[in-house]
Amino acid sequence: MTPTDTGATTLGGILAEVARRRKTVVVYAPNGTERDLAATLATRNVTVEHRTLPTIGDDAFVVVRDDGRFRGAISLADLLVFLAPPIERPGDLDSVDLEHRAIFELLDETLFVTLDRRQLLATSREFEDRAWRTGRGRLHVGFQSPDAFAAQAELYRRLATTTDIDVHVYVDSAVDADRLDDAPLTVHVEPSDEIGRYWFVLFEDGGDGAQNCGLVAEETAPGQYRGIWTYDRELIARAFAAVERVNSAHRS
């Protein structure tokens, strides 16, 4: 993230800011070879361009650019294998070679233009599991519906009672949050649209930040979302600040 990307102070503003940073990948390959990559990245805010390469086969490669800056290059075959789910991100990017680091960073900071509940649930479970394994830090989670809260309430009770994580749960006023009254966590009953509109899971590990992760998504149509999941420490910190700012304003 560049120093100029510090303006957004709301969850919606953060999504809009990330959306403006559309990434570009350039495929150097025979005609048509780039179509598989374009299909793989179709749900992301990424432009796939093609430059004809006068050879065939395994020579095809991909260059990643961000605002015109070279970020890395990788063979097209290796990239398609890498992007096949599940994508497992290493905790320490410094240990990753340059071309793969560029891809991870591309994925970290790219808006998903379409997401469904299955994808969001899978990512939420991954981040909850990461928090559980870390066992410390802070975790803020927003639920958009009573059913979503009911499905995860006991998990958050266990997280709060068996780890040193400072757990904050944000729910709509229609949710029966009394079931967690005896758990050592903080429940925020929020009438604010700013928080109620978004599905979010934010985790900071309370240490060097290597396990930090965040998901923010907005429902754009029934069952369809746009959003990001990221391991960018600054972006996650700003999402925490956005949630806490709304909560503080609501209490004042």
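The structure, a predicted model, holds 6 aromatic pairs. Among the residues involved, Phe-143, Phe-149 and Tyr-156 form one aromatic cluster. Tyr-156 is also, with Leu-139 and Val-167, one of the residues that touch the most other members of the largest nonpolar core.

**Aromatic rings**

- A pair of aromatic rings is described by two quantities, the distance of the centres and the angle of the planes.
- The ring centres of Phe-143 and Phe-149 are 5.7 Å apart and the planes stand at 75 degrees, so this pair is edge-to-face.
- Phe-143 and Phe-149 are both buried.
- For Phe-143 and Tyr-156, the centres lie 5.9 Å apart and the planes meet at 85 degrees; this pair is therefore edge-to-face.
- Because Phe-143 belongs to the loop between β6 and α6 while Tyr-156 belongs to helix α6, the pair ties together parts that are 13 residues apart in sequence.
- Phe-143 and Tyr-156 are both buried.
- A charged residue also meets a ring: Arg-138 lies over the face of Phe-240, at 3.8 Å from the ring centre.

**Nonpolar cores**

- The largest nonpolar core has 30 residues, and Leu-139, Tyr-156 and Val-167 touch the most other members.
- Several elements each supply at least two residues of this core, including the helices α5 (117–134) and α6 (146–162) and the strands β6 (136–142) and β7 (164–171).
- Helix α6 gives the largest share of this core, 6 residues.
- Leaving aside residues up to four places away in sequence, Val-167 touches Leu-139, Tyr-156, Leu-159, Ala-160, Leu-185 and Thr-186.
- A second, separate core is made up of 20 residues, and Val-18, Tyr-170, Tyr-198 and Val-243 are among them.

**An open sheet and its helix**

- An open sheet is formed by 4 strands in the order β2-β1-β3-β4, with mixed pairing.
- Strands β2 (46–52) and β4 (69–75) are the edge strands, and each pairs on one side only.
- On average, and with direction ignored, neighbouring strands of this sheet are turned by 20 degrees against each other.
- Strand β1 (residues 23–29) pairs with β2 in the parallel sense over 7 bridges.
- Val-27 has His-50, in β2, as its bridge partner.
- Helix α3 (residues 76–83) lies across β1, β3 (61–66) and β4, and its direction is at about 90 degrees to β4.

Conventions
Residues are numbered from 1 along each chain as its sequence is written. This is a predicted model: local features need pLDDT of at least 70, side-chain atom pairs count only at pLDDT 80 or more; totals for chains, interfaces and linings use all residues. Side-chain values use heavy atoms; hydrogens and water are left out. A nonpolar core is a set of buried Ala, Val, Leu, Ile, Met, Phe, Trp, Tyr and Cys residues joined through side-chain atoms within 4.5 Å. Buried means under 20% relative accessible area, exposed over 50%, partly exposed in between (1.4 Å probe, protein chains only). Contact means heavy atoms within 4.5 Å. Two strands pair if DSSP finds at least two bridges between them. Axes are lines fitted to C-alpha atoms, for helices over the stretch in contact, and angles run from 0 to 180 degrees between N-to-C directions. Rings of Phe, Tyr and Trp (its six-membered ring) pair if their centres lie within 6.5 Å; planes under 30 degrees apart count as stacked, over 60 as edge-to-face and the rest as tilted. A charge sits over a ring if NZ of Lys or CZ of Arg is within 6 Å of the ring centre and within 35 degrees of the ring normal.
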